[in-house]
Amino acid sequence: MTPEESASPPLRADSARARTRRGAVCTTCRQAKQQCDAAELAPAPCTRCSKFGRHCAIDPTFRRVKKRSHANALETDTQGAEIGQESFAEVASQASGQPARSSSIALPLYCAHIRPQRLENVQISSVDIVNLIQQFYSIYHPQFPILPDIMTFAQQYNSNRLLLWSVLAISAGNSSVTSALYNSLVNPVRRLAGDIYSHQSRGLEAVQALLLLCAWPFPYQQTVNDPSPMYCSLATAIAHQIGLHRPPALSNDFDFQVDGPESSRVKVRDRERAWLGCFVMNYTISIRLGIPSPISSYRSISSAIAKEPPSHLADTLIGLVHVAYLGHKTTTALGDDASAPSGLVDDPARLIHFFDHDFQAACQSLHGKISSQCDVFLLHSRLTLYSYAFNDKGTQNPNQAYDVEKSELSGKALSAAMKLMQLACENFNASLRWPAFVKNCVIYATCLAAFIVSKVKQSEIEVKTIIDTCEAANSLIRLWSLFPKDNYSRISTHIARFIDSINQRTSFMMATPEDTRGGLARQTPVTSRMSANVMFNVIWPAKKAGMNGTAPTLGDEAQSVVHPLVNTMMEEEDAHDTGLPTQVNLGPMDTIDFGSFDDIFADWSDLLGNTT
């Protein structure tokens, strides 16, 4: 026997069969030494890969890497990511129109085909695109998982320009290193989203992009400047047009073309995620504005929250859909009554108790399965339910106390609001990157708690505890502000004025009849905006107080606001008073510069016309 023959003995039949059995396990599960059902589910990914959004592939030639070698490989990947992060320093010059420098950094194998991209005068290198995509999938995608896995997205990264640039812009807003890039992309991406005549504006990817721009919108000033309702309506119209609201078996009725079984399987899952995202986003925007949601509870929505939902849907998305489904039912029943001019039912207490049992069951079924921001979302939906107890359609005197002192609903509402605000403060750093609809939950809880304290008698100790928690949450809202007088800065100022009125035991309903600026001379409470009545009955009186001189003006208040992205350290006295940490660790966001945001609304009239 030759040395070559001794070194390479012939394969036996039993070893060949064993190798065939091992080949039925995907490479990811084999590396992790986990059971795998890829053979039974093929060509679909196995259960574990589908649940965690990983790439699933069966490769009989794959050999498991030892832990030491695997650790070395991870270290190499980390060093490569650090090198890639350094390349972000070039983005500021590239954003000004200068050509990108060539880079010899090796890209991940699944991103090797990615090429530099340009939008108007902004050019980004392939290395920076890969890093931004990876950053998006690491930080933002798990919070609103409506996109396919990162490998699938990378394979078709340039199939839709709006989706690609939306992902890059949102990801660029996470780091101080890419603040210049983020600033330079605001208006180009807005113009790209406004190009509804483009052939790329009518497909699935356009729906995904518009939903992402709703979840992480660019900075805006007043609510009327927020394009999210417009983006969401457009996304919903496109979704209906291409048949996302119908089962996959009926997709051909809407001229949905497929290339083959594999393409069909992937597209069906992407379509389902996008449609569920439309439902969640429509609910969150309608609940914030106090208007009915344009999407009803289709069968596709109820099937997603069934006892055994599809395995390819992330737990976070299922949780969001579940909460939105319950919130949609309660809002429709309690705030959209066709027989009442205001939409409010005459006797809400009975329905509130009825729907509260559904929310309690949802809390039990979702316990331990959802993230902290989903917990915030769930608590907020319960608060919108309780808020209908404080809508008094027949009250003509806005200073009249509500007759709910003996009701358990005020106690439940305060308990849920306090829990929500405390949870948000505990997740201070993470909240900076929360979707806008989760941040709005904190705003609503703060307004509702302050409103109840102003209307319902509480002991002095209870009032102090609630006010302290409201001030802590309001400080968190103020920290979300990116520049003076943006939406979060303005709302924080109004809430501070309302809280100050409670401390001083003064009334805010003091606008004179002659004061008609912005429609703020309204004397009667807001009663026709569903669960949002409470928020408007806090914000609008606070605006009147600032305009009448009974509280610090908005400009004076805004000048004292210092955002943590500009100043790395909060004042210790403010941090102590609000209950927030005395030292704020913002990681890579601590030195971001948004000083050039003064002109980001320059082209707004070109998109929507005069909004004043």
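Biologist: What should helix H10 (residues 161-172) span at 1.5 Å a residue, and how far apart are its end C-alpha atoms?

Modeller: The expected span of a helix is 1.5 Å times one less than its number of residues. For the 12 residues of H10 that gives 16 Å, and the end C-alpha atoms are 16 Å apart, so the two agree. This is a predicted model, in which local features need pLDDT of at least 70, side-chain atom pairs count only at pLDDT 80 or more, and totals for chains, interfaces and linings use all residues. Residues are numbered from 1 along each chain as its sequence is written, and side-chain values use heavy atoms, with hydrogens and water left out.

Biologist: What counts as a helix or a strand here, and how many of each does the protein have?

Modeller: Both are DSSP runs numbered from the N terminus: helices are H or I with at least four residues, strands are E with at least two. The protein comes to 27 helices and two strands.

Biologist: What makes H10 mostly covered?

Modeller: A residue is buried under 20% relative accessible area, exposed over 50%, and partly exposed in between (1.4 Å probe, protein chains only). In H10, 11 of the 12 residues are buried, including Trp-165 and Ser-166. The buried residues pack against strands E1 (117-119) and E2 (122-124) and helices H8 (126-139), H9 (150-155), H11 (179-193) and H12.

Biologist: Why is Ala-209 called buried?

Modeller: Ala-209, a residue of helix H12, has a relative accessible area of 0%, so it is buried. Leaving aside neighbours within four places in sequence, Ala-209 is in contact (heavy atoms within 4.5 Å) with Leu-162, Leu-163 and Ser-166. Ala-209 and Trp-165 are 44 residues apart in sequence and 8.7 Å apart in space, C-alpha to C-alpha.

Biologist: At what angle does H12 (residues 204-215) pack with H13 (residues 228-241), and what does that make H12 relative to H13?

Modeller: The angle is about 155°, with the axes 9 Å apart. That makes H12 roughly antiparallel to H13; angles under 35 degrees count as roughly parallel, over 145 as roughly antiparallel, 65 to 115 as roughly perpendicular and the rest as oblique. Axes are lines fitted to C-alpha atoms, for helices over the stretch in contact, and angles run from 0 to 180 degrees between N-to-C directions.

Biologist: Which residues make the contact between H12 and H13?

Modeller: Among them are Leu-210 and Cys-214 of H12 and Tyr-231 and Ile-238 of H13.
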